[in-house]
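Visitor: Please show me the model. I would like to go through its side-chain contacts with you.

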Amino acid sequence: MERRKFLGLGAGLFAATIIPASLVAANFRETKPEAWKVMNTKEENMDGVNAGIKAIFGTDKVEEGKVKLKAPDIAENGAVIPITASTAKASKIAIFQSANPESVVAVFDIPANGVPDYSIRIKMQKTGTVVAVAEIDGKLYKASKVVKVTIGGCGG
Amino acid sequence: MRIKAKFKKGVTTVKVMAKHAMLSYQEAEKKKVPVNFITHVVAKVGDELVYEVTTSQFLSKNPYLKFAFKGENKGKEVSITWTDLSGKTKTDSKKIK
């Protein structure tokens, strides 16, 4: 781990010296390594999700609204759950859920020309809540939805 | 990777299906194979970054990504690169129709 951190740091410094700021790729696995290890605790408990939000964005002060989250009510197959998160404009969007061991699923860093209307397919091992958080003008907004999983898709 | 890129009214919409097992820690333990999943995906048109996501083991097997970006990019090539936990990277590109 130490070695990996060191290498990541070196690569980051190198990239920063030769590439203009607008083109630097923000890999949140290198910049926020702790966030990916935030564990969910109990079912129906959003502590893990809130801790994940704090680890990615630095605060867990989140308002409802401005973000649209599309997810199925019932997922017959937990291995493939289509998720769409969209908003008018944002600098970052992150997806969390409360069903798997760790809460963070994906973090989108939105480039200048990016249109924040992103779809991914995720897996959940049991019923849980999916949360999309967007950073808009320095403030956090969220949308959440409970997805009922009938067959787990995460080795379960 | 399977890529579809379509330009319409100033916005390019890209659909990507990457071929990757996306083994989570639990799945890898069960199968007694090393854990591995895609951790980072970027898309570029020329030198311009148009999409970027840091991902976890909870993306589905053979992950599907859909995204959009602005700009007059018809006829240009969009190139998509993923990096997985083992450090392997793969880049594929496709002309925007």
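Visitor: Which residue forms a salt bridge with Lys145(A)?

Guide: This is a predicted model, in which local features need pLDDT of at least 70, side-chain atom pairs count only at pLDDT 80 or more, and totals for chains, interfaces and linings use all residues. Residues are numbered from 1 along each chain as its sequence is written, chains are lettered from A in the order in which they are written, and side-chain values use heavy atoms, without hydrogens and water. A salt bridge needs a side-chain nitrogen of Lys or Arg within 4 Å of a carboxyl oxygen of Asp or Glu. Here the closest N and O atoms are 3.0 Å apart, and the partner of Lys145(A) is Asp73(A).

Visitor: How many residues apart in sequence are the parts tied together by Lys145(A) and Asp73(A)?

Guide: Strands are DSSP runs of E, at least two residues long, and helices are runs of H or I, at least four, numbered from the N terminus. Lys145(A) lies in strand β9 (residues 139-149) of chain A. Asp73(A) sits in the loop between β2 (68-70) and β3 (74-75) of chain A, so the separation is 72 residues.

Visitor: Is Lys123(A) buried or exposed?

Guide: Buried means under 20% relative accessible area, exposed over 50%, and partly exposed in between (1.4 Å probe, protein chains only). The side chain of Lys123(A) meets Glu27(B) in a salt bridge of 2.9 Å, N to O. Glu27(B) lies in helix α1 (residues 25-31) of chain B and Lys123(A) in the loop between β7 and β8 of chain A, so the pair joins two chains. The relative accessible area of Lys123(A) is 2%, so Lys123(A) counts as buried.

Visitor: How many aromatic pairs are there over all chains?

Guide: Rings of Phe, Tyr and Trp (its six-membered ring) pair if their centres lie within 6.5 Å; planes under 30 degrees apart are stacked, over 60 edge-to-face, and the rest tilted. Over all chains, the count of aromatic pairs is six.

Visitor: What kind of pair do Phe108(A) and Tyr51(B) make?

Guide: Phe108(A) is in strand β6 (residues 104-109) of chain A and Tyr51(B) in strand β4 (residues 48-55) of chain B. Both residues are buried. Their ring centres are 6.1 Å apart and the planes stand at 45 degrees, so the pair is tilted.

Visitor: What is the angle between the planes of Tyr118(A) and Tyr51(B)?

Guide: Tyr118(A) lies in strand β7 (residues 114-122) of chain A, so this pair also joins two chains. The centres are 5.0 Å apart. The pair is edge-to-face, and the angle is 80 degrees.
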